[in-house]
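Me: I am new to this structure and would like to go through it step by step. Please show it to me before we start.

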Amino acid sequence: MIEISHIHKTFSEKGNRVEAVQDVSLHIAKGQIYGIIGNSGAGKSTLVRCLNLLEVPDSGEIRIGEQRLSMKNGRACHAETGAPLTEREQSRLRRSIGMIFQHFNLLDRSTVFENIAYPLRYTGMSRKEISDRVDELLALVNLQDKRGAYPAQLSGGQKQRVAIARALASRPQILLSDEATSALDPDATESILNLLRNLNEQLGLTIVLITHEMAVIKTIAERVAVMENGRVVEEGEVYDVFARPREEITKRFVASASALSRIQKLMDEDSPMVRTRPGDLLVKLTFTRESVGEAAISAISQKFGIAVNIVLASVEELRGVALGGLIAIFTGDPAQIQGAVSYLENSKVEVEVLRRG
Amino acid sequence: MDEWLKTVMPNVVAYKSRFLTSLQQTFQMMLWSGLIAFAIGLLLGILLTVTRKDGIRPNAIVYRLVDLVVNVFRAIPFVILLIFLIPFTRWLTGTAIGVKGALVPLVFGCVPFYTRQVEAALASVEPGKIEAARAMGSGIFGLIFRVYLHEAVPDLIRVTTITLISLIGLTTMAGAVGAGGIGSFAINYGQNQNHQDIVNVCVIILLVFVSLLQLIGNGLARRTTNHHLLSKESK
């Protein structure tokens with residue numbers, strides 16, 4: 001659906017060059033929910049704005065559906081002919097991609113109806129057609145009773161629903177979500193993420209979602225790209241990235257969304273919960289889809305005769321697949337402990353030794 | 001009634017027809033210079049907004065040019081502007097006196113102020129709204145009319161009211177150099193002939209006029225802001 005190849009975007013402000021996006025290539029499949037995560041300033045906002053040409057990349061190629069665009073001299077051109085896109089073509093491209101924002105960006109002086117009708121006006125649709133389409137959209141986001149309300153009368157979650165209806169008005173196949181839940185409370189965040197997932201399933205909508213919260217990625221995305229300093233430093237299935245983060249920044253993001261992240265604090269504080277005696281081993285075990293069903297803990301305590309003292313444990317469900325994490329202290333004969341670790345590794349459990357007693 | 005008026009403002013009654021004419025002249029000046037300044041100021045305010053560096057069609061040359069002209073004319077005191085513009089006014093309208101002669105300096109005196117006010121009103125429209133409209137495929141005219149002007153209506157009404165009130169001040173100054181109107185009536189028949197009642201009545205009329213404008217402006221601004229926002233403000 002979307003293919004980004006070697007996109008660069010540099011801003012220069014008063015002699016300061018900011019390389020917002022550097023050599024980014026991504027492939028986003030049709031019907032996918034694709035997450036892009038990074039801290040503020042990582043370039044994710046710029047990258048997503050390159051997709052609907054709110055920002056025109058300095059160089060690189062973008063394919064959206066059938067349309068291939070190559071960037072030349074700060075202009076988007078047809079890759080085949082090299083001719084720059086006309087205003088009209090650019091407008092049509094933008095209409096084919098919906099976008100929602102952190103602060104909703106609704107027109108305050110327009111009713112919910114008028115906000116949703118905005119992209120439909122001046123497109124040759126009759127009043128009746130527009131009104132019917134808006135009602136359809138209101139039903140889609142479950143806001144039928146707010147037709148005549150003003151944005152100021154709505155809660156944050158409701159405003160974002162209006163924004164989603166507006167973004168989908170011209171039936172785009174792609175929805176870009178720029179931190180759409182970052183200004184919402186946890187309940188509203190959950191309901192908006194559920195709505196996005198439903199839209200993805202019902203309409204086959206491809207969603208590109210940028211966020212700085214790993215919890216959002218965990219809840220909804222299938223694939224994720226991690227951005228840092230304008231580059232994509234890690235990319236893959238959300239499950240794999242959670243199970244085996246490679247880069248330091250990815251590890252930090254994963255930890256931020258995991259109940260096990262408390263271990264670092266416990267270790268720093270030298271909490272009695274993690275205090276080890278000589279010969280003990282403090283380990284972190286990760287049970288991925290290959291090993292999650294197995295009764296590994298009881299197996300090792302029986303087989304090797306060691307005591308397993310569980311400190312922290314969590315089981316996450318990532319799009320229906322379980323991912324388990326366990327932090328435990330192994331106590332017993334060192335050779336037996338070593339045997340238990342090998343046994344776990346052979347059972348496809350990831351073992352990370354946090355501290356040797 | 002007539003008797004009473006004669007006792008409290010004998011000279012106003014004596015110069016009744018001139019007084020009414022001066023009122024009419026003031027209204028004419030307000031109406032025409034107001035309309036023209038409204039159109040030009042709105043246009044220039046939009047032009048500045050659109051062409052500024054982070055605007056929707058940045059154009060440094062146009063922006064700097066308009067910015068410079070606005071600054072220059074704002075820097076010239078109005079009384080000086082009046083006499084400075086006399087040759088230009090004469091060339092354009094054939095006369096430099098009367099209501100017709102006053103229109104040119106009034107417009108020149110009013111437009112720079114109004115342009116800045118419009119620019120500020122449009123600048124208060126959140127950039128996110130513009131971005132959202134761009135993402136929905138709106139072109140430059142869609143952005144100007146459907147977002148900038150639409151969202152800024154209450155602010156635009158407020159700044160237009162302020163500008164009209166300051167325009168009243170300008171018309172009275174124009175009166176001092178031969179434009180007629182209530183200002184020149186107050187000076188020529190009130191101050192110069194030492195008829196204090198004429199000056200007093202002129203002051204009262206102007207006060208009423210200003211208050212009326214302010215009242216209408218506030219009312220319109222209030223009505224165009226959506227109700228819920230208003231109730232929040234008043235809490």
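**Domains, sheet, contact and cores**

Reply: In this predicted model, the C-alpha centres of domain 1 of chain A and domain 2 of chain A lie 37 Å apart. The domain bounds come from an automatic or database domain assignment.

Me: How is chain A divided into these domains?

Reply: Domain 1 covers 2-96 + 172-256 of chain A, and domain 2 covers 269-356. The contact takes six residues from domain 1 and seven residues from domain 2 of chain A; two residues are in contact if their C-beta atoms, placed from the backbone, lie within 7 Å.

Me: Which helix gives the most to the domain 1 side?

Reply: That is helix 8 (residues 238-243) of chain A, with four residues. Helices here are DSSP runs of H or I with at least four residues, strands are runs of E with at least two, and both are numbered from the N terminus. By class, the side of domain 1 of chain A that touches domain 2 of chain A has four nonpolar, no polar and two charged residues. Ala, Val, Leu, Ile, Met, Phe, Trp, Tyr, Cys and Pro count as nonpolar, Asp, Glu, Lys and Arg as charged, and the others, Gly among them, as polar.

Me: How are the numbers and letters assigned, and what limits apply to the model?

Reply: Residues are numbered from 1 along each chain as its sequence is written, while chains are lettered from A and ligands numbered from 1 in the order in which they are written. As the model is predicted, local features need pLDDT of at least 70 and side-chain atom pairs count only at pLDDT 80 or more, whereas totals for chains, interfaces and linings use all residues.

Me: Now the sheet. What is the order of the six strands in chain A?

Reply: The order is 7-8-9-3-10-11, in an open sheet with mixed pairing; two strands pair if DSSP finds at least two bridges between them. Strand 7 (97-100) and strand 11 (231-237) of chain A are the edge strands, each pairing on one side only.

Me: How many bridges join strand 10 to strand 11 of chain A?

Reply: Six bridges join strand 10 (residues 223-228) to strand 11 of chain A, and the two run antiparallel. A:Val224 has A:Gly236 of strand 11 as its bridge partner.

Me: And what about strand 13 and strand 14 of chain A?

Reply: Strand 13 (residues 307-318) and strand 14 (residues 321-331) of chain A run antiparallel and are joined by eleven bridges. Their hairpin has two residues between the strands, and A:Arg319 takes a positive phi near 45° there.

Me: What does chain B contain?

Reply: Chain B has twelve helices and zero strands. Its C-alpha atoms fill a box of roughly 70 × 50 × 25 Å, taken along the principal axes.

Me: How many residues of each chain take part in the contact between them?

Reply: The contact takes 17 residues from chain B and 19 residues from chain A. Helix 8 of chain B supplies the largest share of the chain B side, six residues.

Me: Finally, how many residues has the largest nonpolar core?

Reply: The largest nonpolar core has 121 residues, and A:Leu51 and B:Leu106 are among those with the most contacts inside it. Such a core is a set of buried Ala, Val, Leu, Ile, Met, Phe, Trp, Tyr and Cys residues joined through C-beta atoms within 7 Å; a residue is buried if 20 or more other C-beta atoms lie within 10 Å of its own, C-beta atoms being placed from the backbone. Helix 7 (residues 98-123) of chain B gives the most to this core, with 14 residues.

Note on methods. Buried ≥ 20, exposed ≤ 12 C-beta atoms within 10 Å, placed from the backbone.
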